[in-house]
Amino acid sequence: MIDLTVWLHPSMEVPFKFNPQEHPFRVSPSMLIVDLMDECELVFETASKQASEQEGGPRGCFELQINVLWNVKDHKKALNPNDKIGDHFASGDTFGVYGDVMEAVAERPRKAEDQKIPVTILTGFLGSGKTTLLNYILQEQREMKIAIIENEFGEISIDDALLKKEKKAMAEKIVVMDNGCMCCTIRGDLQKGSWRRSSTTSPRAAA
């Protein structure tokens, strides 16, 4: 096992007293850097809750989303989240973290199954038949209201033009998003498109 200490970058505004010596880390060298990130975020949130309870005031709880982690012995080298901890740290080392400190969001109550909106993600390479399948669904699935959020990766909205006019009328609403990637962050247009649909009506299915 490896014993580590965390160092929070001073540019992060931590709204409560966090003493790293009170929160030591004992990890396996075979664990990944991303596992250390997750554990550090959990420790930070737990410490925030404890601080809030001790102060007894209205201050809320906070969470940390780590963007970068490094060994303070080499502060210019950000570590790959998929590397093993043992490849970069020895017992007694200190790891630095930098990220976003934000107010923790309370968990929303779980919805009953009959209140949830089913979502289908239709994806595939160019020419794989996505639009053909979507046209078929709109033609045959008449008993459901269908909302389509279409993510276009080209400058010209091709699929939007290929959807036949009469089949477009069968979908309750089509929202087209412009070029972009959704894998690393929450896309603003995706979020707005989803809220736009949920704020108007409640379709029984979304694609």
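Where pLDDT is low, predicted coordinates should not be read in detail.

This is a predicted model, so local features need pLDDT of at least 70 and side-chain atom pairs count only at pLDDT 80 or more, while totals for chains, interfaces and linings use all residues. Residues are numbered from 1 along each chain as its sequence is written, and side-chain values use heavy atoms, with hydrogens and water left out.

For the protein, the mean pLDDT is 76, with 68% of residues reaching 70 or more. Residues 182-187 are also below 50, and that stretch has 10 contacts in the model beyond near neighbours in sequence.

Now the fold. There are 5 helices and 7 strands, taken as DSSP runs numbered from the N terminus: helices are H or I, at least four residues, and strands are E, at least two. The order from the N terminus is β-β-α-β-β-α-β-α-α-β-α-β. Of contacts between residues at least 6 apart in sequence, 70% join residues at least 24 apart. Of the 207 residues, 28% are buried; buried means under 20% relative accessible area, exposed over 50%, and partly exposed in between, with a 1.4 Å probe and protein chains only.

Leaving out residues up to four places away in sequence, Val97 touches a set including Val6, Leu8, Cys40, Ile66 and Trp70. Trp70 is 27 residues from Val97 in sequence, with the C-alpha atoms 6.6 Å apart.

Next, salt bridges. The count is 3, the rule being a side-chain nitrogen of Lys or Arg within 4 Å of a carboxyl oxygen of Asp or Glu.

Asp3 and Arg26 pair at 2.7 Å, N to O. Asp3 is in strand β1 and Arg26 in strand β2, so the bridge ties together parts 23 residues apart in sequence. Asp3 is partly exposed at 30%, and Arg26 is exposed at 54%.

Glu45 and Lys49 pair at 4.0 Å. Both sit in helix α1, residues 33-55, separated by about one helical turn.

Lastly, Asp93 and Lys73 have their closest N and O atoms 2.9 Å apart. Both lie in the loop between β3 and β4. Asp93 is buried at 7%, whereas Lys73 is exposed at 68%.

Note on methods
Contact means heavy atoms within 4.5 Å. pLDDT is the predictor's confidence in each residue, from 0 to 100.
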